[in-house]
Amino acid sequence: MPSGGVYAVVLGTAQDAGLPHAGCLCPRCAAALADPASVEYAASLAIVDVRLRPNLVWLIDATPDIKYQLNFLAFALGSHPQMPDRFRQPDGLFLTHAHMGHTAGLAQLGPEGMNVRDLPVYASTGMVRLLQEMNLWAPLLENLKLVALSPEVPLDLAKGLSVVPLEVPHRDEHGVGTFAFRIQGPSRSLLYVPDIDDWRQWPAARQIIAGVDVSLADASFYSIDELSGRPPVAHPLAPDTVDFFAGLPSQLILTHLNHTNRLLEGNSAAKEALTAQGVSVAQFGQIISL
């Protein structure tokens, strides 16, 4: 991590279930089971402000891989003020929506796990209500400070650093909505949209994308053939995302890739074709200056 400034750090690039995918023995998952270097964590992002001491660190989404993602951030979090053999908890956690890959990691923060204290958790009003109703996690919820966000209302995190929640269309079994987040740093801005049904169902999409420097966007599937005859899943195909962003000034980085997605192969022709168009695939540990 650079010694000063504000940064986004990619903590995961895979669809909710990660890579390897539970119950799957496809060649890509088999390789990840055999070689830890081939593992991909579920999509998540950190915001790190290293202008002050201690650093300020926020997570976006609590994935099933959160303990590994938090351990990766130990260098930025610094040591726990009372327990020198542990690192301190983040300064806050943002939730995009209720699906498994974005909330299951909350269980790791409870008394059986990290045992956080008064951790601010920012989410939609509906998401806050849903969490409050989950008796299974009652011991955890006692140690969370649930904060309801209002769409399009900025939340100031530090000087020159703010987050704006934006409602996006996405499969919503719980009726709590889905947020994308526009992160404005001192120098640059980033739009984080790990899940969306269809870019064209979001009327403000092109205007918002045109107003940010970098977009980290949903590219769950490359081809409809990946579903093996299952009904279509509500995500744009990666080529559709690339086509939608064509002509817009924002730098496009693809994330939230399903284990079937050919873009996970480092030397695939599909990935090379995207690179030729100026599009890249997010990488674990990637640092984006804000």
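User: Which residue in β13 does Ile253 stand opposite?

Analyst: Ile253 stands opposite Ser280 in β13. The model is predicted, so local features need pLDDT of at least 70 and side-chain atom pairs pLDDT 80 or more, while totals for chains, interfaces and linings use all residues. Residues are numbered from 1 along each chain as its sequence is written, and side-chain values use heavy atoms, without hydrogens and water.

User: What makes β12 and β13 a pair?

Analyst: Two strands pair if DSSP finds at least two bridges between them; strands are DSSP runs of E, at least two residues, and helices runs of H or I, at least four, numbered from the N terminus. Strand β12 (residues 251-255) and β13 have 2 bridges, in the parallel sense, so they pair by that definition.

User: Why are β7 and β13 said to stand at the edges?

Analyst: The open sheet has the order β7-β8-β9-β10-β11-β12-β13. β7 (155-158) and β13 (280-281) have a single partner strand each, so one side of each is left without a neighbour in the sheet.

User: What joins β1 to β14?

Analyst: Strand β1 (residues 6-12) and β14 run antiparallel and are joined by 3 bridges. Val9 stands opposite Ile287 in β14.

User: How do the residues lining the largest pocket divide?

Analyst: They divide into 7 nonpolar, 6 polar and 5 charged. Ala, Val, Leu, Ile, Met, Phe, Trp, Tyr, Cys and Pro count as nonpolar, Asp, Glu, Lys and Arg as charged, and the others, Gly among them, as polar.
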